[in-house]
Amino acid sequence: MQQQFQPTELKRTRNGLAVRWKDSHHSELSYRHLRQKCPCARCEATRTGKNPLHILPPDDFYENLTLVEIQRVGRYAVRLIWNDGHRTGIYTFQFLRELADAKSERTT
């Protein structure tokens, strides 16, 4: 596992997840972005249109979305547990870093 993908701190903030990485990089990912990119099979199928029975939530759904808990999964990932009960997404550290890096590329 690459060292840069190792977080030294994960912290819930008012609007997102703050991550301090082992390489001293700091990133913050909004709850909305994290949930829209949820890697679980159900969310992935919904995003790609492979689950026609599941409808994406309306925009106002994200206004009150927060993390209830962050659970460590081995030494490679975390499970994010949301206030609406969703808990099946396992976010690898590499995936979180890729989301953060892609976000910073879009804002520069």
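Predicted model: local features only at pLDDT ≥ 70, side-chain atom pairs only at ≥ 80, totals over all residues.
β5 and strand β6 (residues 90–92) pair in the antiparallel sense, with 3 bridges between them. Residues are numbered from 1 along each chain as its sequence is written, and side-chain values use heavy atoms, leaving out hydrogens and water.

On to the other partner of β5. β4 and β5 run antiparallel and are joined by 6 bridges, and Ala-77 turns up again here, as the bridge partner of Val-73. The β4 and β5 hairpin has 3 residues between its strands, and Gly-74 takes a positive phi near 55° in it. β5 is mostly covered, with 5 of its 6 residues buried; buried stands for under 20% relative accessible area, exposed for over 50%, and partly exposed for what falls in between, using a 1.4 Å probe and protein chains only.

Leu-67 belongs to strand β4, which spans residues 67–73. With a relative accessibility of 5%, Leu-67 counts as buried. Leaving aside residues up to four places away in sequence, Leu-67 touches Arg-12, Leu-17, Tyr-31, Leu-80, Ile-81 and Trp-82, where a contact means heavy atoms within 4.5 Å. For Tyr-31, the separation from Leu-67 is 36 residues in sequence but 7.4 Å in space, C-alpha to C-alpha.

There is also an open sheet of 3 strands, in the order β1-β2-β3 and with antiparallel pairing. The edges are taken by β1 (7–12) and β3 (26–30), each of which has a single partner strand, so one side of each lacks a neighbour in the sheet. On average, neighbouring strands of this sheet are turned by 20° against each other, direction ignored; the axes behind such angles are lines fitted to C-alpha atoms (for helices, over the stretch in contact), and angles run from 0 to 180 degrees between N-to-C directions. β1 and β2 (residues 16–21) run antiparallel, joined by 5 bridges. Across that pair, Glu-9 stands opposite Arg-20 in β2.

Next, the nonpolar packing. The largest nonpolar core has 21 residues, and Leu-34, Leu-80, Trp-82, Tyr-91 and Leu-96 have the most contacts inside it. Such a core is a set of buried Ala, Val, Leu, Ile, Met, Phe, Trp, Tyr and Cys residues joined through side-chain atoms within 4.5 Å. At least two residues of this core come from each of β2, α1 (31–36), β5 (77–82) and α3 (93–107), with α3 giving the most, 4 residues. Leu-34 touches Leu-17, Leu-29, Leu-80, Trp-82, Tyr-91, Leu-96 and Leu-99, again not counting residues up to four places away in sequence.

As for charges, a search of the whole structure finds 3 salt bridges, each defined as a side-chain nitrogen of Lys or Arg within 4 Å of a carboxyl oxygen of Asp or Glu. One of them joins the side chains of Arg-97 and Asp-23 at 3.0 Å, N to O. Arg-97 sits in helix α3 and Asp-23 in the loop between β2 and β3, so the pair ties together parts that are 74 residues apart in sequence. Arg-97 is buried, with a relative accessible area of 8%, whereas Asp-23 counts as partly exposed at 38% relative accessibility.

Arg-97 also meets Asp-101 in a salt bridge, at 3.2 Å from N to O. Both Arg-97 and Asp-101 lie in helix α3, 4 residues apart, or about one turn of the helix. At 27% relative accessibility, Asp-101 counts as partly exposed.

Arg-35 counts as buried at 11% relative accessibility, while Asp-84, at 38%, is partly exposed.

Definitions and conventions: Pairing = 2+ DSSP bridges.
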